[in-house]
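Visitor: I would like a close look at a single part of this protein. Please take me through it step by step.

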Amino acid sequence: MNKNVGSALSARRWMRSAGYAWAGLQRTYRQEANFRFEAWAAVTALGLTLWLDAPLTPILLVCALVLSLELVNSAVEAAIDLLSPGPHPLAAAAKDAAAGAVYVAAFFALLVGLNVLGPPLWALVSGR
Ligand SMILES: Nc1ncnc2c1ncn2[C@@H]1O[C@H](COP(=O)(O)OP(=O)(O)OP(=O)(O)O)[C@@H](O)[C@H]1O
């Protein structure tokens, strides 16, 4: 196959996959209150980081981790609801573990946030 035709096809495939991913993000944002809360918490944390001129990389990483895990948690919930509409101990185990992953990430994200943003915020409010 001509090299240019090949790259045009992969670019089109990539655009189509990105479209599905964007639809997944929008659907999760509409349907999951936790995802909306975490998305706005991430926007706030990033805004504060830029305003305080604090290190951006750890905040970017923990925001990406929490939001990605919430998306995976939503995917697990949807798959379990499809596969096991009635109660089942394995369905509970899968959903609880996926939810646990989000909480572990959120807990450590909170610690990173306090560690990175706490000192400059404290200096600002205490006037030091
Ligand atoms: N099919 C099932 N069988 C057994 N237990 C289930 C089942 N579905 C849900 N559960 C239990 O209920 C809990 C809540 O599940 P649910 O699907 O309602 O998620 P949720 O708490 O509404 O999450 P979110 O708020 O993110 O949508 C699960 O963690 C699990 O313990």
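Visitor: Which residues does UniProt place under the feature "binding site"?

Guide: UniProt, in an unreviewed entry, places that feature at Glu32 and Glu77. UniProt positions follow the numbering used here, feature names are shortened, and annotations may be inferred rather than shown by experiment. Residues are numbered from 1 along each chain as its sequence is written. The model is predicted: local features need pLDDT of at least 70, side-chain atom pairs count only at pLDDT 80 or more, and totals for chains, interfaces and linings use all residues.

The two sites are spread over 46 residues of sequence, yet they cluster in space, with a largest C-alpha distance of 11.0 Å. Glu32 lies in the loop between helix 1 and helix 2 (33-52). Glu77 is in helix 3. Helices here are DSSP runs of H or I with at least four residues, numbered from the N terminus.

Now burial. A residue is buried if 20 or more other C-beta atoms lie within 10 Å of its own, exposed if 12 or fewer, and partly exposed in between; C-beta atoms are placed from the backbone. Glu32 has 17 other C-beta atoms within 10 Å, so Glu32 is partly exposed. Glu77 is partly exposed, with 17 other C-beta atoms within 10 Å.

Next, the ligand. Glu32 and Glu77 are among the residues around the ligand. By class, the shell has four nonpolar, three polar and four charged residues. Ala, Val, Leu, Ile, Met, Phe, Trp, Tyr, Cys and Pro count as nonpolar, Asp, Glu, Lys and Arg as charged, and the others, Gly among them, as polar.

One more annotated residue belongs in this picture. The UniProt annotation "active site", from an unreviewed entry, covers Glu70. Glu70 sits in helix 3 (residues 56-83). Glu70 counts as buried because it has 24 C-beta neighbours inside 10 Å. Leaving out residues up to four places away in sequence, Glu70 touches Asn34, Phe35, Glu38 and Val102. Contact means C-beta atoms, placed from the backbone, within 7 Å.

Terms used:
A residue is near a molecule or strand if its C-beta atom, placed from the backbone, lies within 6 Å of it. Helices (H or I, at least four residues) and strands (E, at least two) are DSSP runs, numbered from the N terminus. Two residues are in contact if their C-beta atoms, placed from the backbone, lie within 7 Å.
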